[in-house]
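Open the model in your viewer and keep the selection tool ready. Each stop below says what to select and what is there.

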Amino acid sequence: MRVSPNDIQSDVIPGSGEYFMNISLGTPPVPMLGIADTGSDLIWRQCRPCDNCYEKDEPLFDPEASETYKTLACDNEFCRNLEQKGSCGNENTCNYNYAYGTGETFTMGYLSSDTLTIGSGRGEPVSFPGIAFGCAHRTGGKFGEKHVGLIGLGGGPLSLVKQLDSQVGGQFSYCLVPLSTTDSTASSKINFGRNGVVSGSGTVSMPLIKGRPDALYYLKLEGMSVGSTRVEFRGVSVGEEGNIVIDSGTTLTYLPPGFYSEVESALATARRLQTQPGLSVFVTVAEAIYKSPP
């Protein structure tokens, strides 16, 4: 039985502040547990040889062991899509250099292509040849022992979603297991294509808004409610312009200082709490909940 691209499905596994999903790269396929990141577009994994890389849970990917691996040339379309994050190296090879957050966390190496294999809802894996990815030969910053790579799910041209656009129509959805779960076997799913459409009774949806950079997905934040009190967002948002990024690779929710203070004040009033100098009311609430008897 042939598996349709609309059956693509992978487990989503909680980590220490991030979520992981399973794919494989190469021929024969080499498994990879990578960060599922809607806030960036590049797919990458650690390759041999690699400086400052980890090899505890999964081996480094060996390009020479894959029958279908290719290093992409500087005039390749995917290389041009890197824009300022790419450069032309020796022997016309396309180099990439991606930074995350404040720039301290980074990955660099060769932009390459290989066969990507991913699971399906039917139990049989699906393979896609010629998928562009970063073969990392150096990483640094906050990547840890489990961070062997990353699967970019953003809106940019190098993301997994965009590279599979002709097969899945840009559609995907995921459900996230709470990071606080104590069940080491807990996981949820990410689905692509028609199976990624969430519908039915109780479904709530709102449009994603494209912005700059194009790898990011935006929503239009109108306000937040604390109990019966609604705090309106008065920041910059004109017409259909988005003002908040949806990023599965970021642990915390960040708010502009003024709006944050209003939400904090509403929460303090609702909980009848007094904060200590220099401490956020959110810290006070967390401590109160932690110390409350069951």
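Start with strand β11: β11 gives the most to the lining of the second largest pocket, with three residues. Strands here are DSSP runs of E, at least two residues long, and helices are runs of H or I of at least four, numbered from the N terminus. A pocket is an open set of points on a 1 Å grid over the protein atoms alone, where a 1.4 Å probe fits, with protein on both sides within 12 Å along at least five of seven lines; lining residues have an atom within 4 Å of a point. This is a predicted model: local features need pLDDT of at least 70, side-chain atom pairs count only at pLDDT 80 or more, and totals for chains, interfaces and linings use all residues. Residues are numbered from 1 along each chain as its sequence is written, and side-chain values use heavy atoms, with hydrogens and water left out.

Stay at this pocket. Select F172, S173, S205, M206 and L208, which lie nearest its centre among 15 lining residues. The elements that give two or more residues to this lining are β11 (172-174) and β14 (217-219). The volume of the second largest pocket is about 520 Å³, counted as the space filled by probe spheres set on grid points joined across faces, edges and corners.

Colour the lining by class.

Next, show the cysteines. How many disulfides does the structure hold? The structure holds three, a disulfide being a pair of cysteine sulfur atoms within 2.5 Å.

- Select C47 and C135. Their sulfur atoms are 2.0 Å apart. The pair links distant parts of the chain, 88 residues apart: C47 is in strand β4 (residues 44-51) and C135 in strand β9 (residues 126-140). The torsion about the S-S bond is about -120 degrees, so this disulfide is left-handed. Both C47 and C135 are buried, meaning under 20% relative accessible area, with exposed over 50% and partly exposed in between (1.4 Å probe, protein chains only).
- Select C74 and C88, joined S to S at 2.0 Å. C74 sits in the loop between β5 (70-71) and α1 (77-81), and C88 in strand β6 (residues 86-88). This link is right-handed, with 95 degrees about the S-S bond. C74 counts as buried because its relative accessibility is 15%.
- Select C79 and C94, joined S to S at 2.1 Å. C79 belongs to helix α1 and C94 to strand β7 (residues 94-100). The link of C79 and C94 is right-handed, at 95 degrees. C79 is buried at 9%, and C94 at 0%.

Now look at C175. Its relative accessible area is 49%, so C175 is partly exposed.

Finish at helix α4 (residues 257-271). Its buried residues are F259, V263, E264, A266, L267 and A268. R272 follows α4, with a positive phi near 55 degrees.
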